[in-house]
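Open the model in your viewer and keep the selection panel at hand. This tour goes stop by stop.

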Amino acid sequence: MTSRTQITAIYPGTFDPITLGHEDLMRRAAGMFERLVLAVAVGHHKKTMFTLDERLAMAQEVAAQCCPQGNVEVIAFDGLLRDFVRTHAGRVVVRGLRTGGDFEYEFQMAGMNRKLMPEVETIFLTPGEHHQYTSSTFVREIATLGGDVAEFVSPGVLARLNERCRKGG
């Protein structure tokens, strides 16, 4: 038995693209739980820069590099988070909070998730100080406008972003 709690945690998001802030939270959550599932959402409500397959590939690459203990799985999901969490025997949902502005939305979502799946807890993690203002939206916008985003994403993600932006988004 290790010191980690024997619980499966689910970390959902669109990860378009996955940033160093996401990586920070993934690494820390993987250290807290026996199993962490990075749930990459299809993202019907968002127009994504990268396809689901591209986002899965980037997330798998980052997970392999940042969590060598091998307890992170990257899986696509579509539909209600509740159904995904139950299918994968999740007991905890991990959400990131960067700023106070995130709190109100995340608090409401946690409340609704508690109504839909009362057996599951939501935990909030804040990224390290270097990543507090990093968001996928900002990274996409800066990259699209020709700015340097190397300090916000891993080298593999940076290469994909630069290639996509050279092709015109």
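How far apart do the end C-alpha atoms of residues 10–141 lie, and how much of the span is helix and strand? Select the span: its end C-alpha atoms are 27 Å apart, and it is 44% helix and 22% strand. Helices (H or I, at least four residues) and strands (E, at least two) are DSSP runs, numbered from the N terminus.

Before moving on, note the ground rules. This is a predicted model, where local features need pLDDT of at least 70 and side-chain atom pairs count only at pLDDT 80 or more, while totals for chains, interfaces and linings use all residues. Residues are numbered from 1 along each chain as its sequence is written, and side-chain values use heavy atoms, with hydrogens and water left out.

**Stop 1: the annotated span**

The UniProt annotation "domain: Cytidyltransferase-like", from an unreviewed entry, covers them. UniProt positions follow the numbering used here, feature names are shortened, and annotations may be inferred rather than shown by experiment.

**Stop 2: the loop between E1 and H1**

Select Phe15 and Pro17. Phe15 sits in the loop between E1 and H1, and Pro17 lies in the loop between E1 and H1 as well. Check the backbone. The peptide bond from Asp16 to Pro17 is cis, with omega near 0°. Phe15 has a phi near 50°, a positive value in a residue other than glycine. Phe15 is buried, at a relative accessible area of 3%. Buried means under 20% relative accessible area, exposed over 50%, and partly exposed in between (1.4 Å probe, protein chains only).

Now jump to Ala89, in the loop between H3 and E4. Ala89 is not a glycine, yet its phi is positive, at about 55°.

**Stop 3: aromatic pairs**

Show the aromatic side chains. A search of the whole structure finds three aromatic pairs. Rings of Phe, Tyr and Trp (its six-membered ring) pair if their centres lie within 6.5 Å; planes under 30 degrees apart count as stacked, over 60 as edge-to-face and the rest as tilted.

Which geometry do the rings of Tyr11 and Phe15 have? Their centres are 5.3 Å apart and their planes are at 90°, so the pair is edge-to-face. Both Tyr11 and Phe15 are buried. Next, select Phe77 and Phe84. This aromatic pair is tilted, with 5.1 Å centre to centre and 45° between the planes. Phe77 counts as buried at 10% relative accessibility, and Phe84 counts as buried at 8%.

**Stop 4: the largest pocket**

Rolling a probe the size of a water molecule over the atoms shows where empty space is left. A pocket is found on a 1 Å grid over the protein atoms alone: an open set of points where a 1.4 Å probe fits, with protein on both sides within 12 Å along at least five of seven lines; lining residues have an atom within 4 Å of a point.

The largest pocket has a volume of about 1100 Å³. That volume is the space filled by probe spheres set on the points, with grid points joined across faces, edges and corners. The lining has 43 residues; Pro12, Gly13, Thr14, Lys46 and Arg95 lie nearest the centre of the pocket. Elements giving two or more residues to this lining include strand E1 (5–13), helix H1 (20–32) and strand E4 (92–96). Which element gives the most to the lining of the largest pocket? Select H4: eight residues.

Colour the lining by class to see 15 nonpolar, 18 polar and ten charged residues. Here Ala, Val, Leu, Ile, Met, Phe, Trp, Tyr, Cys and Pro count as nonpolar, Asp, Glu, Lys and Arg as charged, and the others, Gly among them, as polar.

**Stop 5: the largest nonpolar core**

A nonpolar core is a set of buried Ala, Val, Leu, Ile, Met, Phe, Trp, Tyr and Cys residues joined through side-chain atoms within 4.5 Å. Select Ile18, Met26, Leu36, Val94 and Leu161. Of the 34 residues in the largest nonpolar core, these touch the most other members. H2 gives the most to this core, with six residues.

**Stop 6: distances**

Pick Leu81, in helix H3. Leu81 is buried, at 13% relative accessible area. Leu81 and Ile10 are 71 residues apart along the chain, with their C-alpha atoms separated by 9.3 Å. Then pick Arg86, also in helix H3. Arg86 is partly exposed, at 41%. C-alpha to C-alpha, Arg86 and Pro17 are 26 Å apart.
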